[in-house]
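The following note sets out some points for a colleague's reading of the model.

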Amino acid sequence: LLPATSYDIVIYEQQVGVTVSPDLPLRVAGFKNVQAPGRPQEAGPAEASGRVRVGDVITNVNGKDVTRSKREDVLYLINAERPVTLRFLSIDPS
C-alpha cells in the first residue's frame, strides 16, 4: 500500500482552476488557467497552491464528506460560496 495524506486548501477566488473526473470518487483530472477581469490568464488557485496534484481525490467540501455524493452536487457545493475549503486525499506515487 502507498502512503496517503489528506490536506485542505481554502479558495477565495471565484474559480478553483481544476477539472475533475466524470466518475466517483472525484479526482483532479487536470488544471485550468483562470482569468480575472483586466488581468492575464494565470494558474488557478488550486495549482498555484503547490499542493494539489492530478489524481488527488476531493473528499470534503466545507467540512462535508462528499465521497459518496453525486458529481453535480459536489460541483454545486464547490461553487456555492467563497471562501470554500476543499479537502483532498493524495496518494504518494513514490
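**Notes on the predicted model**

1. A search of the whole structure finds 2 salt bridges. The structure is a predicted model, and the distances and accessibilities given below are accordingly computed from that model.

2. One of these salt bridges joins Arg87 and Asp8, whose closest N and O atoms are 2.6 Å apart. Because Arg87 belongs to strand β8 and Asp8 to strand β1, the pair ties together parts that are 79 residues apart in sequence.

3. Arg39 counts as partly exposed at 46% relative accessibility, and Glu42 is partly exposed with a relative accessible area of 37%.

4. The strands that carry Arg87 and Asp8 belong to an open sheet of 4 strands, ordered β1-β8-β6-β7 and paired in the antiparallel sense. Its edge strands are β1 (4–11) and β7 (64–65), each of which pairs on one side only.

5. Within this sheet, how many bridges connect β1 and strand β8? The two strands pair over 8 bridges, in the antiparallel sense, with β8 covering residues 84–91.

6. Strand β6 spans residues 57–61 and includes Thr59. Is Thr59 buried or exposed? Thr59 has a relative accessible area of 12%; buried means under 20%, so Thr59 is buried.

7. The surroundings of Thr59 may be described by its contacts, leaving aside neighbours within four places in sequence. On that basis, Thr59 is in contact with Lys64, Asp65, Val66, Thr67, Arg87, Phe88 and Leu89. Among these residues, Lys64 and Asp65 fall in the range of the edge strand β7 (64–65). Arg87, also in contact with Thr59, is the residue that forms the salt bridge with Asp8.

8. Helix α2, formed by residues 71–80, lies across β6, β7 and β8. Relative to β6, helix α2 runs at about 60 degrees.

Terms used:
Residues are numbered from 1 along each chain as its sequence is written. This is a predicted model: local features need pLDDT of at least 70, side-chain atom pairs count only at pLDDT 80 or more; totals for chains, interfaces and linings use all residues. Side-chain values use heavy atoms; hydrogens and water are left out. Buried means under 20% relative accessible area, exposed over 50%, partly exposed in between (1.4 Å probe, protein chains only). Contact means heavy atoms within 4.5 Å. Two strands pair if DSSP finds at least two bridges between them. Axes are lines fitted to C-alpha atoms, for helices over the stretch in contact, and angles run from 0 to 180 degrees between N-to-C directions. A salt bridge is a side-chain nitrogen of Lys or Arg within 4 Å of a carboxyl oxygen of Asp or Glu.
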